Amino acid sequence: MHRRSVVRYVGDDPDVRARVSRAVERAWDGTRAPDYRATATDALLESTEDTDLRPLADACGIVTTTAAATDSAVADRLAATPDSVPVVVLLKSPTDEGFRVALRAGAADIVSGSVPEEELGSEADPLVDRLLDVVTPNRVRFGSDDANRLREVLLDSGSTLMSTRSDEVDTKISWTIENVGEHAELDRIVCYLRDGETFDPAYTWCPDECDAGPLPISEFPDADRLSTFENVVRSSVSPEAAGRSTVASDRATGENESESPATVHVPLVADWELVGVLVFETDARRAWTDEEVDLYRTFADQIAYTIARNDRRLELRRRTDQLEQFSSVVSHDLRNPLNVLSGYLELVENEVSASTYEPMDRAVTRMETLIDNLLMLAKRGETIGEREYISVTSVVEEAWQTVRAPDATLTIADEIGRVHADPNRLRQVFENLFRNAVDHAGPDVAIEIGPQPNIGDGGGMYIADDGPGVPSEVRGSLFDSGFSTADSSGIGLAIVDRIVDAHGWEVDVHNDGGAVFEVSFEGETAVTPQVNG
């Protein structure tokens, strides 16, 4: 694959056509020389972007004459070529009008004066050096339009990879690698991922086929630099040969190495570890630029992040499955003796005093609640069930009936309205908040609930108590599973946070004469006015 592999003459003069052909032959030799083609001005003007005939599409340089460029339509077509496709204009004699025509055609260079016939195509013909000077740099290095095009591709690739699911990772990484390879005009991209002491070619884009096998890190070029997360860049043409500075090259091959591919090796880094190497290669002469290599590093970071995120997701799923299985087994093993205990309690209910029976009954009920809570925390996905529009006040009153604190008081300051929620889970939110207040503020706690119309997109509510409040140093950990300051299980508030989040709401806490929990409703769950009667 060659980047812009044609030097094209645009014009109708057969003598100039022959001169350009000989100059191209003299300027480049070997297998990597560009082709030469000629296009008549009529053919140039008849071609459009919608036809198969696009004479300038594959050009790495264009040569024309003032005679051809005098036609304003021809000049406009030439001036519209990208900056990376230089236009060289031949002048028979240096006149003001000739220079004006050349400028109108977007000339990158001008060659004036005639050349004796015996010198045409020889080193004495100034066109030979001019072609080398203006064509070579843009043929072997990225131009601004190349970089902008690749940058747009990487933006699309980033969006694609960010939204990928676990079952799409391989497909989307392969697709983005192919997309980048084609737009960057490369021959191969190989993504090696670490597997123990070797790096396996997990993703390969190679239109002309290639044989990539596992490699130890020592077989990559400058392995020490890759191991310290540095790029390793090998150009196949020196900056001097490219005609202008290309500073991203660690080494450019000499003439005897001209057939070696130009390569960029970029480390894939995740959690400060080398997890792979992304290799970009081209058989064409290439002098890599810093801007181009930086874009490849960005692409490598996208792939590394996608792979690491998916690995974490799969590991989390594996652990969650294990936790679900463990919780189910434990809950089953706990429920069997608990059912025996509950059965015997029913048998002796009328044989013992209430003061003896009720603590035992509460203990059994509490154990059943803990088992249910543990199962709910262990399960993924089914935190809430079917939702409906329900009265918050009625749910609050039902939840209050489960509180075993006869000296505690509940005040509903004002009507809250209706919300779109799972009634059973919403009741559990209130039950856990009430139980938390009793645990921390005592059995005679006073609790107040009311609306908060000014929080969230859909309003909200508050649940306040007159207890000691929440210490500032623990506020950030309050909803963490297992965290407690009252010698309880530390599960209740974690479940509150889980249920609230599953509804798309938010919960926060602050102190105001006691602890104040605020729940803000969002979107479709927003509060609707209570309809009486």
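Here is a short walk through the aromatic pairs and one surface patch of this structure. Keep in mind that this is a predicted model.

Let's start with the aromatic rings. The count of aromatic pairs comes to 8. One of them is made by Phe280 and Tyr296, which are stacked, with 4.2 Å from centre to centre and 15° between the planes. That pair links distant parts of the chain: Phe280 sits in strand E12 (residues 273–282) and Tyr296 in helix H11, 16 residues apart. Phe280 has 0% relative accessibility, so it counts as buried. Tyr296 is buried too, because its relative accessible area is 0%.

Now move along to Trp505 and Phe521, an aromatic pair that is edge-to-face, with 4.8 Å centre to centre and 75° between the planes. Trp505 lies in the loop between helix H15 (492–502) and strand E18 (506–511), while Phe521 is in the segment after strand E19 (515–520), so this pair ties together parts that are 16 residues apart in sequence. Both Trp505 and Phe521 are buried.

Elsewhere, Tyr192, Phe199 and Phe220 come together as one aromatic cluster.

For the surface, go back to helix H11, which covers residues 290–348 and holds Tyr344. Tyr344 has 56% relative accessibility, and because the cut-off for exposed is over 50%, Tyr344 counts as exposed. With Val340 and Leu347, Tyr344 makes a nonpolar surface patch of about 350 Å².

Conventions
Residues numbered from 1 in each chain as written. Predicted model: local features only at pLDDT ≥ 70, side-chain atom pairs only at ≥ 80, totals over all residues. Heavy atoms only, no water. Patch = residues over 30% accessible without salt bridge, like charges linked within 9 Å, V, L, I, M, F, W, Y side chains within 5 Å. Areas by Shrake-Rupley, 256 points an atom, 1.4 Å probe, with all protein chains shown as cover. Salt bridge = Lys/Arg side-chain N within 4 Å of Asp/Glu carboxyl O. Helix = DSSP H or I, 4+ residues; strand = E, 2+ residues; numbered from the N terminus. Buried < 20%, exposed > 50% of the residue type's maximum accessible area, 1.4 Å probe, protein only. Phe/Tyr/Trp six-rings, centres within 6.5 Å; stacked < 30°, edge-to-face > 60°.
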